[in-house]
Amino acid sequence: MKQTKTLAAKLLFGMVVVGISACNLATTESANTNNQQTQTAQQVSQQTATNNQACTLVENGFGSQGQVKLRVEEVVTGLEVPWGIAFLPNQDMLVTERPGRVRLVRNGQLIPQPVATINVTESGEDGLLGIATHPNFAENRFFYIYYTADKNGSQVNRVERWRLSQNGLTASPDKVIVDNIPVAQFHNGGRIRFGPDGMLYIGTGDAREPQISQDVNSLAGKILRVTPDGQVPPDNPYANNPVYITGIPNTQGFDWLDKSTLWVTDHGPSGDLGRRGHDELSLAKAGDNLGWPTIYRCESKKGMVTPSIVWREALPPGGAVIYTGNSLPEWKGSLIIATLRSQHLQRVVFNPQSPQKIERHEVYLQGQYGRLREAIMGTDGELYVTTSNCDGRGNCPPQRDKILRITR
């Protein structure tokens with residue numbers, strides 16, 4: 001049945017006219033460069049050509065070398081695939097390790113005993129992934145995790161709420177917030193963040209079933225939005241449905257331009273429907289459709305969002321955050337993206353009058369620290385980044401993975 005669905009999907013979407021050039025670059029986290037496949041001018045859609053002006057297509061490389069001077073401090077070493085960081089009011093950090101541990105960093109030191117050990121299934125991009133603290137954490141001590149669990153012999157992704165002890169050294173499970181998010185070895189999503197509206201936003205992958213990202217009755221290939229208790233907010237775009245944004249292959253990073261507009265990074269296809277490469281950054285609001293798998297690259301279609309920038313070569317993007325600190329004033333308001341295979345920080349600068357348009361994009365720390373996973377602003381106003389070199393796809397050093405502080 002699955003083979004039949006896949007064949008039908010290929011026949012259907014093979015009829016879609018695609019953009020300027022097709023390449024054979026995988027965009028899983030372990031992506032490799034393969035042969036480029038070109039198309040004739042007759043295959044270029046007029047609709048794509050008309051809309052390319054609003055979309056920056058990066059044909060080669062990842063951008064110019066950034067010129068802003070910065071300094072990198074190693075805050076913590078000895079971690080194993082630190083996927084997400086949540087900062088506490090006292091500047092402690094809770095850090096998720098993908099094998100299933102929540103770790104505490106206090107006064108710049110990694111506490112040896114995990115705060116919690118989660119029974120996860122771990123293969124490919126599964127495991128313990130995103131983490132976020134409740135907006136009223138100081139009063140209720142709640143934090144949230146996204147992880148891959150075994151449920152009656154089947155894998156599911158789950159968002160669960162936990163309560164941290166008063167001393168911060170232990171935690172206990174409180175409530176399942178969202179369950180039964182589809183799982184796959186690749187395109188597994190995992191980023192969770194609270195928005196300016198106090199709602200919990202959950203990034204999911206399409207679980208290697210591209211068409212499911214267009215199905216509003218599926219939790220896969222979406223950004224979901226729920227209350228801190230897991231209820232559907234009454235102002236969601238679909239009644240009684242946590243789905244907020246559709247048409248996403250796999251997001252591990254997003255942040256808010258304003259209270260109602262998000263920047264969403266997205267992995268491009270990993271061989272799905274014969275397509276590869278072309279990671280994206282898009283500007284999206286409630287109910288928007290980012291188009292996967294109907295459009296990709298800089299293509300456009302009515303009712304779907306054309307990306308603001310597309311990289312032909314695979315980044316692929318990890319965490320993403322708007323820089324709000326003071327140490328690097330030149331970066332203020334820019335989106336900073338941690339990248340995996342391409343091993344750098346990407347800085348994206350928007351046009352202030354038309355923020356969906358990219359003014360410039362730059363590369364920092366190219367190859368200096370390996371694969372970079374999380375990017376988040378700390379309570380001290382500094383940018384923090386985690387490495388992901390011990391995930392089986394990088395070169396794991398003796399000090400293992402690290403948390404880095406980016407400052408001047």
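View 1. Helices and strands here are DSSP runs (H or I, at least four residues, for helices; E, at least two, for strands), numbered from the N terminus. β3 and β22 pair in the parallel sense, over three bridges; for two strands to count as paired, DSSP has to find at least two bridges between them. Zoom out a bit and you get an open sheet of five strands, in the order β3-β22-β21-β20-β19, with mixed pairing. β3 and β19 (253–258) are the edge strands, each pairing on one side only. Neighbouring strands in this sheet are turned by 15 degrees against each other on average, direction ignored; the axes are lines fitted to C-alpha atoms, for helices over the stretch in contact, and angles run from 0 to 180 degrees between N-to-C directions. As background, strands of a sheet pair through backbone hydrogen bonds, either parallel or antiparallel.

A word on the model before moving on. This is a predicted model, where local features need pLDDT of at least 70 and side-chain atom pairs count only at pLDDT 80 or more, while totals for chains, interfaces and linings use all residues. Residues are numbered from 1 along each chain as its sequence is written, and side-chain values use heavy atoms, with hydrogens and water left out.

**View 2. C55 and C298 are joined by a disulfide, with their sulfur atoms 2.0 Å apart.** A disulfide here is a pair of cysteine sulfur atoms within 2.5 Å. The link is left-handed, at -65 degrees about the S-S bond. It ties together distant parts of the chain: C55 is in the loop between α2 (46–51) and β3 (56–58), and C298 is in the loop between β21 (279–284) and β22 (309–311), 243 residues apart. Are the two cysteines buried or exposed? C55 counts as buried, at 6% relative accessibility, and C298 is buried too, at 2%. The cut-offs are under 20% relative accessible area for buried and over 50% for exposed, with partly exposed in between (1.4 Å probe, protein chains only).

**View 3. Y296 is in the loop between β21 and β22.** Y296 is buried, with a relative accessible area of 3%. Its side chain makes a polar contact with the side chain of R297, at 2.8 Å. A polar contact is a pair of N or O atoms within 3.5 Å; within protein, one must be able to donate a hydrogen and the other to accept it, and residues adjacent in sequence count only if both atoms are side-chain atoms. The C-alpha atoms of Y296 and P269 are 8.6 Å apart, and these residues are separated by 27 residues along the chain.

**View 4. A second disulfide joins C390 to C396, S to S 2.0 Å.** The torsion about this S-S bond is about 75 degrees, so the disulfide is right-handed. C390 counts as buried at 12% relative accessibility, whereas C396 counts as partly exposed at 37%. A search of the whole structure finds two disulfides, and with bonded cysteines counted along the chain they follow the pattern 1-2, 3-4.

**View 5. Strand β28 (residues 383–387) is mostly covered, with five of its five residues buried.** L383, V385 and T387 are buried on one side, and Y384 and T386 on the other. β28 runs antiparallel to β27 (residues 372–377), with four bridges joining them, and A375 has V385 as its bridge partner. Five residues lie between the strands of this hairpin, where G381 takes a positive phi near 80 degrees. Four bridges also join β28 to β29 (residues 401–407), again antiparallel, and here T386 stands opposite I403.

**View 6. L94, I118, F143, I145 and L164 touch the most other members of the largest nonpolar core, which has 20 residues.** Such a core is a set of buried Ala, Val, Leu, Ile, Met, Phe, Trp, Tyr and Cys residues joined through side-chain atoms within 4.5 Å. β8 (101–106), β11 (128–133), β12 (142–151) and β13 (154–164) each supply at least two residues, and β12 gives the most, with four. Apart from this core lies another, of 18 residues, among them W83, A132, I177 and L219.

**View 7. D92 is found in the loop between β6 (82–87) and β7 (93–97).** D92 is buried, with a relative accessible area of 4%. Its side chain makes a polar contact with the side chain of R106, at 2.9 Å.
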